[in-house]
Every structure is written in C-alpha cells, then in structure tokens.
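Hi,

Here is the structure I promised to pass on to you. Please open it alongside this email, and my notes follow below.

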Amino acid sequence: MTVEQAYEVLSRAGELPYGQARTIMVEEALRLAEAAADERVAYRIRTYLRTEYAQSGERAKAFAVFVRCLSDYDRNPDLGEEHQLFWGFKGTVTGLTRFPEIPLDRTLAVLDDMERRYRLAGEGLQPVYMCRSVVTQHVHGPEAAEEWYTRWHAAPRTRLSDCEGCDPSTKVAYLAARGRDEDAIALAEPLLRGELGCDEQPHTILTELLFSYLRTGRLEAAADAHRRAYRAQRDRLAELWGIAVHLEFCARSGNEARGLELLERHLGWLDRAPTPYDRMRFAAAGALLLRRLAEIGHGNVTVRRPAHGDRPAAEVPAADLRAELTREALDLAARFDARNGTPEQGRLVRELLDAEPLADHLPLTPYARRATTPPAPVPQDDLESVDDVDRLFDLAEEHWRLGEFPAALVAWRRVDAVAGELSPVQRGRRLDGEGLERLLSGDPPGAIDRWRRAAEAYTRGGDEESARSATSRYAAVLCQTGQAEAGLPLLESAFAWLDAHGTDPQRVLAARTRVAAAYGEAGRTEEALGLLDGAPTPAEPGDLGELEMARARVLGAAGRDAELTPALRRAVDGYRRGGRRAVLAEAAFLLGRRLAASDAEEDAAEADALLTEAITNAPADLPALRAAAYAVRGGRLLARGDAGQAAEDLIEAVAGFTAEGSHHQAAYARQDLCVAYLETGRYLEAAETAEEALPMFEAHGDADAARRTRYLLGNAQRDLGEVDAAADTFTRLAADERAEQPAVAARLLVQAGDLLSRLDKDATAAERFAAAAEASTAAGDPYGTVQALRRQALCVMWSGSAEGGLTAMAGARAALTDLPGDEPAALAWETALIDFDEARILGALERFDDAVAAADRAAAAFADLDQKDPAEAAEKLRADLIAARSTTGDTPQ
C-alpha cells in the first residue's frame with residue numbers, strides 16, 4: 001500500500017457529490033494511508049473525513065472522527081497545521097446540541113475547550129461568540145442569546161470565522177427568530193447581490209429568509225427564495241433541516257399541494273435523519289402541512305411512505321401520519337427539554353404545529369395562478385327584478401343560442417327562485433336547461449334523460465315543435481356516445497318533422513346540422529354536405545355562421561382540407577357579423593391555427609389576428625379554448641424570435657390547460673415555455689418548467705418529447721450553474737442517443753466532459769471524452785475522434801497522471817491517420833493542436849527538450865496556417881518551457 005494510492009482515491013472521491021459513495025471512498029483512502037503507516041497523511045485524511053460525514057448527513061460519525069483528530073493532535077502537534085482542527089470545533093459544538101442523548105455539560109465543556117485553545121493560540125474569539133450564541137439560543141431562546149449575539153456581531157472577523165457568506169446566514173437566522181425581519185433582510189443583501197458566497201450559499205441564507213420575506217410582504221422574493229434554495233438542497237440528506245423549513249413555507253403560503261409533493265419525496269429521509277433535531281423539525285413541519293391539507297378540505301389524501309427495515313412501503317392516511325409525526329415531534333422536543341432543563345424546544349415545536357398561514361396563496365411560478373380571464377364579452381343580465389317566468393325562459397334560451405352558457409344558467413337559476421308550479425311546456429323548458437347543464441358538466445346520460453323528459457313534457461303541453469327539437473337534441477347525444485343505431489332514426493325523424501312543419505327557422509337549422517354531423521361521423525360525407533347545401537340561406541349572419549361551422553366539421557372529419565379553410569372563413573364572417581362572440585372564438589381559433597401552419601405571409605398576419613380574436617372572445621367557461629389559442633400564438637411568437645412575448649402567452653397556456661386538467665397539453669406548452677425562458681435568460685424558470693413537463697411525457701410514453709425536454713433541462717442546468725446536474729443530464733441523453741445517433745451522442749458527451757472539466761473533475765471528464773471519441777468513430781466522424789482523444793489526454797494529465805496523459809495523446813496522434821487526405825489544412829490544424837497540448841504534458845513530466853520541440857512544431861504550423869493568436873500562444877508556451885528548463889539545471893540538447 002502506498003500514500004500515492006491513498007491520494008489517488010481521495011482525488012477520485014472529490015469528483016463525486018456528497019453522499020455515501022463519496023464517504024466510502026474517503027474511508028478507503030484513510031484505510032490505505034493507515035496501511036502505509038503514514039500517520040501524517042492519515043491524520044490529514046481524517047480531517048477531511050469529518051467534513052465528509054457532516055456533509056453527507058452522518059453527524060454522529062463526524063463527532064467521533066473529530067475527537068480522534070483532537071487526541072492525535074494533542075499527542076503529536078507535528079501531525080498537521082492546527083487551522084483545520086480548530087475550524088472543526090464550530091461544527092462539533094453546534095452539532096452536539098442536536099443530539100438530546102448528549103449531556104449539555106459535555107457540549108459546554110467542548111465549547112470551553114474551544115475557547116481555551118483559541119486563546120492559547122492567539123486566535124480571535126468571534127467564532128467562539130458565534131457558538132455560544134447558537135448554544136444559548138437552542139437552550140434558552142433567542143432573547144437570552146442577545147449578549148452573545150452582540151459580542152459576535154461586534155467582534156472582528158478572524159481566519160477561523162465562518163466565511164463571509166455563511167457568517168451572515170447564521171446571523172440572519174438569529175435576527176429572524178427575534179422578529180427583526182428588516183434587519184435580517186438588510187444583512188443578507190450583499191450576499192444576495194453576489195458580493196459574497198460559498199458552496200453553502202446562497203441557498204442557506206435564502207432558506208433562513210423565507211419567513212422574513214413572508215412577514216414583510218415581499219411575496220415574490222419569498223417565492224424566488226423557496227424555488228432557488230430548495231433546488232440546491234433537495235438531493236442532500238444533510239439538508240433535511242432546510243427541507244423542513246420549505247415544508248413549513250408551503251403550509252403557510254397556500255402551497256399545500258406543493259408541500260405534499262415535498263413531504264412524499266423526502267418522507268423516507270426521516271428514517272435516516274442526520275440528527276434527532278432535524279428529525280424533530282421535519283416531523284413537526286410535516287404534521288403542520290397535513291393539518292393544513294385537512295383544513296382546506298383534503299384531509300382524506302394518502303401519503304406514500306417508502307419501506308424501511310421491517311416496515312413495508314404503504315399509502316398512509318394523512319390523518320394517521322399527522323398523528324404519528326405530531327407525536328414524534330413532541331416526544332423529541334420533550335427529550336431535548338429534559339436534557340436542556342428548559343421548555344424552549346417544546347415551545348418551538350408546539351408553535352410550529354399550531355402555525356397559521358402568512359399568505360392565502362403565493363404562486364411559486366407565473367403559471368401556478370389561475371389563468372387570466374378576460375372581461376365577459378357579453379353583459380350579464382340583472383335578473384333580480386325579473387319575476388316573469390316566461391321572460392326568464394326566453395332570456396335563457398337566447399343566451400343558449402348565442403353560446404353564452406353561464407348567462408343562460410343564471411336565468412334558469414332565477415326561474416327556480418321565483419317560479420311556482422310550472423305548466424307542462426314550462427316544465428319542458430326547464431328540463432331543456434337541465435339537459436344543457438348536464439352536458440356541460442360531462443354527463444351525457446344525464447343530458448339524454450333530461451331532454452327525453454323535456455320532449456315528453458312538451459308533448460303533454462301540446463307543443464310538438466318543441467318536443468321534436470328536444471328529441472333532436474337527445475338523439476344527437478345518443479349518436480355522439482356510440483348509440484347511433486337508436487339515435488339516428490330519431491334524429492332523422494325529428495328533422496323531417498321540423499323541416500316540414502317547423503315555424504322557427506333556427507330550430508330547423510339546428511336539427512339539420514345535427515343530422516349532418518351524425519352523417520359526417522358515420523362517414524356519410526356526401527349526404528351530410530348535400531343536407532347542408534339544401535338548407536335555405538339563413539336570414540341572420542349568425543345562423544349562416546352555424547351552417548358553415550357545421551360544414552367545416554364535416555369537411556374536417558373527412559380530411560377535405562382544401563374546402564375546410566373557406567368554410568371556416570365563412571363561419572368566422574357569419575359569427576362576426578352576427579355578434580356571436582362566444583361561438584366566434586372557436587371558429588377563429590380553428591381558422592387561425594390552420595393559417596398559422598401556412599407559409600404564405602398574408603396567412604401568417606391573418607392567423608395572428610384570428611388567434612387574438614379567439615383569446616379575446618373565448619368565454620370564461622372555456623379555459624381550454626383560450627389556453628389553446630395562447631399556446632399556438634405563443635409558439636408563433638417563439639418561432640419569430642420574440643421569446644419575451646412568447647413566454648407571456650405560454651404562461652397563460654400552461655395556466656389554462658392546468659386549470660382545466662389538460663395536463664398532456666400543458667406539458668407541450670411547458671416545453672415551448674422552457675425554450676422561451678432559455679432564450680430570455682430565465683434559467684431557473686426554464687429548469688423548473690422542464691422538470692415539470694418531463695414526467696408528463698414519460699407517463700404518456702412520448703419518448704421524443706421526453707428526450708427533447710431533457711436536452712432543454714441540461715441547457716438550463718448548465719446556464720443556471722448546476723454544472724454537475726447538467727453533465728449528468730447530457731451523459732444520460734448520450735446513452736439514449738448512442739445506438740441510433742452516435743454523432744449526437746458524441747456532442748452530448750463532449751458537453752458533459754467540458755462541464756466536468758470546469759469543475760476540476762478531470763478523471764471523470766476524461767472518461768466522457770473517451771466515450772465521445774468512440775461515439776465519433778461510430779458516427780464516421782474522424783475529426784470528432786481526434787479532438788475528443790486530445791481532450792481526454794489533457795484531462796488525464798490534470799487528474800494527476802501526466803504519463804497516462806502522454807499515452808492518451810499518442811492515441812490522438814494515431815487517430816490523425818484517419819483524417820481525409822484531401823484536406824491538408826484541417827490535418828495541419830489538428831496536428832498542431834496535438835503538438836501544442838503534448839508540449840504541455842511533456843512539460844509537466846519535465847521532459848523539456850521534447851516539450852520545446854513540440855511547441856516549436858505547433859508554433860510553426862499555426863504560423864503557416866496564418867493563425868496569429870494560436871501561434872503567439874505556442875511561442876509563449878515555448879518560452880515558458882525554456883524558462884522552466886533553466887530552473888532545473890537542464891541544458892538544451
């Protein structure tokens with residue numbers, strides 16, 4: 001066993017995210033160092049291991065390692081520099097408070113030892129005051145910690161103070177606990193402006209600010225803080241305390257559905273909570289969320305809880321889980337209070353369990369709110385003074401004819417309020433209204449029943465025309481619901497009677513269009529069109545619109561596109577001239593969508609106007625129609641490069657589809673919205689929108705849409721700075737593309753390699769570039785192969801193996817032979833790049849003569865290609881290599 005092996009394993013561990021896999025590798029590095037009998041290296045790795053345990057959610061193990069490091073250092077101070085050890089006191093002291101089984105005296109003793117050692121070493125006491133403030137607040141409450149907070153805030157920073165990003169975060173937590181929300185927000189401002197920061201920021205301070213933002217009415221800031229912070233914390237067990245805060249935030253901001261999603265996602269973490277304190281905090285927040293769900297009428301939901309130990313996975317009733325979490329939170333609080341000798345933790349838990357909302361509903365995304373509903377295009381009748389039942393029936397039926405269904409329902413409700421005993425005809429008219437209401441609510445059998453009974457009532461009252469009209473209605477629904485054998489004869493008979501005897505031309509036209517529709521659905525297109533052609537020319541423009549809309553539906557079902565557009569134009573014109581705005585919306589949308597697909601410039605302009613007309617006129621009870629018009633118009637704006645305005649339309653589309661429960665259509669609108677967000681630099685919104693759309697596509701089995709959405713997500717993650725996540729997304733996409741599109745896979749792997757190299761995860765980046773080279777070869781792209789192998793070689797060198805990098809570069813040079821011979825300039829360029837990068841590797845190996853020769857070749861080739869900047873870079877590299885050679889005492893050959 002060698003120390004080099006230990007450092008190699010430690011280096012590879014550093015390329016992994018915090019978690020069990022990384023911790024195991026650091027433990028292996030420690031084992032190798034101990035086997036090599038290198039006490040100094042073993043001590044250094046133990047100091048790393050303490051951090052690994054803390055960051056991976058294994059705080060108890062971190063304490064044990066810290067104690068071992070402290071003992072080793074006291075026995076032999078020459079093992080290492082004391083800074084890392086003294087730094088570890090902070091996390092140890094504050095962490096000990098989170099375990100009720102650890103006596104308070106022991107925590108205070110460690111804190112006293114920390115102060116003693118700091119004083120002896122001449123270190124400033126600002127970190128000690130911070131720890132005393134945190135411990136005092138935990139035991140006695142924030143008011144009691146005021147003195148220590150004041151000292152901490154006033155003391156000068158030292159080299160052992162928390163970084164300039166984390167120190168304010170802990171102070172913000174204290175200020176928020178004291179209710180000093182404005183002070184907390186002001187203190188956080190420099191960090192949030194990007195002036196300060198570290199790996200723990202800004203998500204930690206944003207989490208601490210959530211309730212300060214809510215209490216001060218900064219609702220947009222609160223929503224943004226939740227979204228940004230939760231993204232950074234959601235994959236790390238060590239952040240369970242933060243997840244608990246986000247649960248509470250959802251419960252208190254009207255986002256109970258979002259909170260339930262978080263609770264189900266993280267409930268399994270409760271079984272392996274980093275500390276009992278985190279467990280208590282999460283349990284209390286979960287119980288609060290479940291209480292809020294019950295209060296808003298969703299107490300009967302179940303919560304998915306994963307298996308753990310002997311407990312199987314199960315769907316747990318919310319009430320049962322709430323009782324369990326409440327009991328656990330209170331039991332843990334009692335243990336803390338018994339240990340501390342104060343009631344503080346019990347007070348905080350009970351306060352959390354009883355907490356009330358701070359906002360009725362805070363939308364977390366622009367489309368989480370209700371879709372915008374334009375003012376009703378039709379004035380609503382003031383019916384409070386109307387007592388004439390027949391007048392009310394006339395008003396209701398007129399609104400029905402115009403497609404203004406909400407207004408019709410209002411009139412029928414007024415009938416119910418003022419009518420006494422109804423005549424048979426009046427009863428038939430009321431049953432007509434009930435039939436429409438049933439149909440609108442998605443109950444076709446109920447509509448059939450009501451309209452059949454209406455026909456019977458009309459017959460009893462001697463109104464045969466109304467009876468035939470009602471029969472036509474329910475017969476049409478029979479045909480639409482797969483009962484044409486029974487419905488079509490009734491439909492034809494009713495129309496024949498009305499056509500011969502009817503006195504109301506609008507009723508006759510309605511019956512005619514119903515028969516035509518039934519013929520069209522049955523594939524009897526010519527009969528349907530013949531029936532419509534035989535209709536008398538309507539006197540009213542709106543009725544002409546009805547006739548042409550019926551024709552358009554028949555033509556559309558038959559796929560006769562050439563005739564469809566003119567029919568829709570006539571329908572739009574008729575509705576427009578007849579002032580039938582509610583039904584105009586659908587016709588305008590259908591025509592606008594067709595013209596939007598046209599390449600003709602005049603059609604495009606008309607399409608925009610029609611889609612706007614559809615949005616403006618769509619009635620409030622048809623949110624899906626308005627959403628569809630917004631989606632098409634937004635897509636057109638996006639294609640024209642107006643991503644900002646497209647985003648606004650697509651936000652409305654997503655909101656409308658979601659409100660209507662049309663989640664599949666919402667997913668496609670989200671995909672376009674993601675593109676609009678990316679093009680306008682709104683990367684956080686883009687990532688979240690893609691993540692919401694992805695499971696919808698997967699659930700519907702739309703692999704192409706899912707793949708495109710993952711690609712958009714990867715771009716959003718990259719631009720958002722979530723480099724690790726982006727590299728992982730691109731790598732998985734490459735695996736999906738490798739078999740059928742190796743060239744695409746190669747590009748994705750290069751992107752992943754670039755991102756990993758940016759994070760100094762060079763060994764993993766080298767693997768991605770090697771895979772990219774293989775994919776390029778499979779795609780028949782020799783240039784891609786050479787370039788990927790060259791970059792692999794550099795990453796191998798940067799990962800600590802210059803010899804391995806030189807071997808890999810030899811592979812890149814060998815691949816030059818596969819480049820086309822008829823492109824000498826391209827061959828010279830790729831050869832020069834290999835010479836340049838090989839010079840860097842040879843320099844790292846201190847083979848300076850070979851390195852200078854390679855740099856010479858690169859400089860000459862770049863100059864011959866008239867590439868001035870690369871040539872200057874090669875000359876500079878050559879000079880640096882010569883200077884480095886002179887410092888080693890070597891002389892040129």
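First, some ground rules. This is a predicted model, in which local features need pLDDT of at least 70 and side-chain atom pairs count only at pLDDT 80 or more, while totals for chains, interfaces and linings use all residues. Residues are numbered from 1 along each chain as its sequence is written, and side-chain values use heavy atoms, with hydrogens and water left out.

Let's start with helix 4 (residues 59-75) and helix 5 (residues 82-96), which pack at an angle of about 140 degrees with their axes 10 Å apart. Helices here are DSSP runs (H or I, at least four residues) numbered from the N terminus, and axes are lines fitted to C-alpha atoms over the stretch in contact, with angles from 0 to 180 degrees between N-to-C directions. Helix 4 and helix 5 are therefore oblique to each other (under 35 degrees is roughly parallel, over 145 roughly antiparallel, 65 to 115 roughly perpendicular, and the rest oblique).

Next come helix 6 (residues 104-120) and helix 7 (residues 126-140), whose axes come within 10 Å and cross at roughly 165 degrees. That makes helix 6 roughly antiparallel to helix 7. In this contact, L104, L108, L111, D112, M114, E115 and Y118 of helix 6 meet P127, V128, C131, R132, V135 and V139 of helix 7. Sorted by class, the residues are 10 nonpolar, no polar and 3 charged (Ala, Val, Leu, Ile, Met, Phe, Trp, Tyr, Cys and Pro count as nonpolar, Asp, Glu, Lys and Arg as charged, the others, Gly among them, as polar).

Helix 16 (residues 318-340) has 23 residues and spans 32 Å from its first C-alpha to its last, close to the expected 33 Å (1.5 Å times one less than the number of residues). Its buried residues (under 20% relative accessible area, with a 1.4 Å probe and protein chains only) include L321, E328, F336, D337 and R339. After helix 16 comes G341, with a positive phi near 75 degrees.

Finally, have a look at A858 in helix 41 (residues 848-864). A858 is buried, at a relative accessible area of 0%. Leaving aside neighbours within four places in sequence, A858 is in contact with A832, D835, F836 and A874.

Best wishes

Technical notes: Helix = DSSP H or I, 4+ residues; strand = E, 2+ residues; numbered from the N terminus. Buried < 20%, exposed > 50% of the residue type's maximum accessible area, 1.4 Å probe, protein only. Contact = heavy atoms within 4.5 Å.
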